[in-house]
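Reader: I've got a fold on my screen and I'd like to learn how to read it. Could you walk me through some features?

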Amino acid sequence: MTIEFPPNTSIDRNALAVLASLPVFNDLDPGTLVAVADQLEWFCLPSGTTLFEQGEEADSLYAVTSGALGAWRRDSSGQSQLIGRIQRGETVGEGALLAGGVRTATVKSIRDSELVRFSKSAFDQLVQIYPSAMLHIARLALRRLEQSQRADHPRPASRSFAILSSGPAADAQEFALVLEHALGRFGKTELFTRDSAAQHTSAWFNEMEARRDFVIFVADAVSSPWARQCIGQADTLILLVDARDEPTPFLSIALAGHDVAESQQVELVIQHKRLVRPGVARRWLQRCPATQHHHIRTIEDVHRLARLLTGNAIGLVLGGGGARGFAHIGVVRALREAGVSIDLCGGTSIGAIIASGVAAEWNHSQLIERYRRTFVRRNPLGDYTLPLISLSTGRRVSRLLQSEIGDIDIEDLALPFFCVSADLVTSNMVVHRSGPLWKYLRASVAIPGILPPVFIDDQILVDGGTANRLPVDVMRGLGRGHVIGVDVGSETSLANCTDVDELSIPARLGLVRSGRAPNILQLLLSAGSISAKRVVAENREQSSILLTPDLEGIDMLDWRAFDRAIDAGYRDTAGRIDEIRDALRVHG
């Protein structure tokens, strides 16, 4: 749209056009825009420069006309965490200015940027002329306040990506073309190479990015000027490696002299010929620390990566619940049959065990056979012992997990995966995203009093359900997109049990049947989940869609209800597929 400004305007018309494009001003008439613009200060902020510090007095707000800023907040331990990005057309600093207080975050440029400064007096004048500007800015301030007060701060979504290749075996150009096609499903995407764009300035790149939803920069040698320019322009660095190559510290070489890497997300992408090579991810992660790693074998894996990078992925979180957790197998079958993509998964206790099979991409038959063999044909809690630490020795569970899973690491799973346990030393939840899979699954199911804890380093790990039976918040904190939560409950039918004091001595000893007394396993299972009920309620609310299969009559220790629980999970999920698709905006 062309804006006709009043004649004899002393302010540069290009500057006015930029100002008019900002959402806070896009309803102003040209005359009013000129009056407001006369009160503004325009300036440049080189990449890595601090705009203001947390704790400073607020005397201005700013609008970004090109480039991008990052906002960091210090926690109680003094550690800074990236809580948001401020892109072209957005304002920053409005909350403290409205409240008349101090800055609640440190803001600095993450690439060369141009800004407009509104002093307190200029802002007051703007509001007098254009009252609805106050409403727009107040809404933005409230939205950012709500986001910053969440316990889990998902990283801001990325729009620009730089692909850095570790060597000739990893073909960055070919991979970039496939990724460009995959990102194109979610918005206008363009790919830039050294030949097509190396001669341009940061301002040109900022302009190109403003006109597109996503941009991809393909770097050449990691230490070249073009590679450094790619790194400076990108929200996310994609480290592309070949599984056959020996790990090298090429990230540290690429970032040499680049002091704003803290604002960027780092994704390790490992290309495999067919199958995931065990141990490769761990070796590379030791040399190139990354936010997340991804195994790429097929084009479908690249499409999953695109969903993860853009926050359009679907995460599946499976809750704890003993034998009731077999319903998760039916839920997964129904989702897969309906074409609902599961891009990453996690869980607690039995939910973690089922989710690990999903992350390993076991098909339905494999899930059925492996878990029937582990939990039904062999009672995993049958190796009872003198209860000095627990009723069971735990050796049978460990042996069964090792025999079914093997010695693979969590990092070797095809899909991103996590499981949770609770540390008795610190009384905190522990999230496991790396290390021996069977060992951390064993920790996640170590129900206090029933199975012994798992001792790792200085931690004493027990069942994750004692701290977080449905870790939707952990998945939500990854900021990857929608979350399906599956809560199979923890009911142990204690409501209908008889008071032990009312039973005869023979009945207490189990010599005769008289009423129904709770057994020690049921009591321990129920007691272990009491403290997590508030967390479960909050996590249920955080689910994009919550599935709660009807498992009435199935006890947490009823391993023989394997098939009934699976059928219940399948029927409930299949009956809600349209609702699930609507909630997740999944089509086809």
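This is a predicted model: local features need pLDDT of at least 70, side-chain atom pairs count only at pLDDT 80 or more; totals for chains, interfaces and linings use all residues.

Reader: At roughly what angle do the axes of helix 13 and helix 14 cross?

Author: Roughly 35 degrees, with the axes of helix 13 (residues 327-337) and helix 14 coming within 10 Å. On the helix 13 side you'll find H328, I329, V332 and R336, and they meet G351, I354 and V358 of helix 14.

Reader: And how do helix 14 and helix 17 run relative to each other?

Author: Angles over 145 degrees count as roughly antiparallel. The axes of helix 14 (residues 350-359) and helix 17 (residues 437-444) cross at roughly 155 degrees and come within 8 Å, so the two helices are roughly antiparallel. Their crossing is right-handed. Look for A352, I353 and S356 on helix 14, in contact with L437, L441 and S444 on helix 17.

Reader: What about helix 6 and helix 12: which orientation do they have?

Author: The axes of helix 6 (residues 172-183) and helix 12 (residues 299-310) cross at roughly 60 degrees and come within 9 Å. That pair is therefore oblique, and its crossing is right-handed. Among the residues that meet there are F175, V178 and L179 from helix 6, and I299, V302 and H303 from helix 12.

Reader: Now the strands. How should I think about a sheet?

Author: Strands of a sheet pair through backbone hydrogen bonds, and they can do that parallel or antiparallel. In this model, four strands make an open sheet, ordered 2-7-4-5, with antiparallel pairing. Strand 2 (50-52) and strand 5 (80-87) are the edges, each pairing on one side only. On average, neighbouring strands are turned by 30 degrees against each other, direction ignored.

Reader: How many bridges join strand 4 to strand 5?

Author: Seven, and strand 4 (residues 68-74) runs antiparallel to strand 5. To spot one, find R74: its bridge partner in strand 5 is S80.

Reader: Last one: which residues of helix 8 are buried?

Author: Buried means under 20% relative accessible area. In helix 8 (residues 202-210), S202, F205, N206, M208 and E209 are buried. They span an arc of only 160 degrees around the axis, which means they sit on the same side of helix 8.

Definitions and conventions
Residues are numbered from 1 along each chain as its sequence is written. Side-chain values use heavy atoms; hydrogens and water are left out. Buried means under 20% relative accessible area, exposed over 50%, partly exposed in between (1.4 Å probe, protein chains only). The arc is that of the directions from the helix axis to the C-beta atoms. Two strands pair if DSSP finds at least two bridges between them. Axes are lines fitted to C-alpha atoms, for helices over the stretch in contact, and angles run from 0 to 180 degrees between N-to-C directions. Angles under 35 degrees count as roughly parallel, over 145 as roughly antiparallel, 65 to 115 as roughly perpendicular and the rest as oblique. A crossing is left-handed if the near helix is turned anticlockwise from the far one by less than a right angle, and right-handed if clockwise. Contact means heavy atoms within 4.5 Å.
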